[in-house]
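Good morning, and thank you for coming. Please look at the sequence and the structure together while I speak.

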Amino acid sequence: MGCGIRNGAIAGAVASAVPWIGVVVTRGTCLDCAEGLGAATLLTLVFIGAGAGIGAMANAAKADGNLLYRAPGASGTVTIGPILTATRVGGAAAIRW
């Protein structure tokens, strides 16, 4: 599996958190939450597949075929945190590399 395909699938998996957050937020307020759970599961698979597809296209678009790797000692960070106010609930995420 190419590096772009793997990275795209990972990005799709991260993006699939959005529908799951919707399911969690509406879990106690919706009348028919079973459909939301199934839709979030389906969207997770769609997002992962779309990310892998975009990664495959990025691999195909590279003219020289060179792979770029992270420098030794470098690290990436993912930060996720809640946003809570008196009237709203949300979340924030940051990815740094």
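Predicted model: local features only at pLDDT ≥ 70, side-chain atom pairs only at ≥ 80, totals over all residues.

Ile 80 lies in strand 1, where strands are DSSP runs of E with at least two residues, helices are runs of H or I with at least four residues, and both are numbered from the N terminus. Ile 80 is exposed, with a relative accessible area of 69%. Exposed means over 50%, buried means under 20% and partly exposed is in between, with a 1.4 Å probe and protein chains only.

Residues are numbered from 1 along each chain as its sequence is written, and side-chain values use heavy atoms, with hydrogens and water left out.

Ile 80 also belongs to a nonpolar patch on the surface, together with Ile 10, Val 14, Val 78 and Ile 95. The accessible area of these residues together is about 520 Å², by the Shrake-Rupley method with a 1.4 Å probe. Helix 1 and strand 1 are the elements that give two or more residues to this patch.

Let me turn to the second largest pocket, which has a volume of about 400 Å³. A pocket here is an open set of points on a 1 Å grid where a 1.4 Å probe fits, with protein on both sides within 12 Å along at least five of seven lines; lining residues have an atom within 4 Å of a point. Of the 16 lining residues, the closest to the centre are Ala 17, Ile 21, Ile 80, Gly 91 and Ala 93. Helix 1, helix 2 (17–26), strand 1 (77–84) and strand 2 (89–96) each give two or more residues to the lining, and strand 2 gives the most, with 6 residues. By class, the lining has 13 nonpolar, 3 polar and no charged residues.

What order do the elements of the chain follow from the N terminus on? They run α-α-α-β-β, for 3 helices and 2 strands. Buried residues make up 14% of the 97 residues.

Finally, some positions in the helices. Gly 8 is in helix 1 and counts as buried, because its relative accessibility is 10%. Its C-alpha is 6.4 Å from that of Ile 54, 46 residues apart in sequence. Ala 11, also placed in helix 1 (residues 3–15), is partly exposed at 46% relative accessibility. The C-alpha atoms of Ala 11 and Gly 55 are separated by 9.5 Å. Ala 39 is found in helix 3 (residues 33–61) and is partly exposed, at 39%.

Terms used:
Points joined across faces, edges and corners; volume = space filled by probe spheres on them. Nonpolar A, V, L, I, M, F, W, Y, C, P; charged D, E, K, R; others polar. Patch = residues over 30% accessible without salt bridge, like charges linked within 9 Å, V, L, I, M, F, W, Y side chains within 5 Å. Salt bridge = Lys/Arg side-chain N within 4 Å of Asp/Glu carboxyl O.
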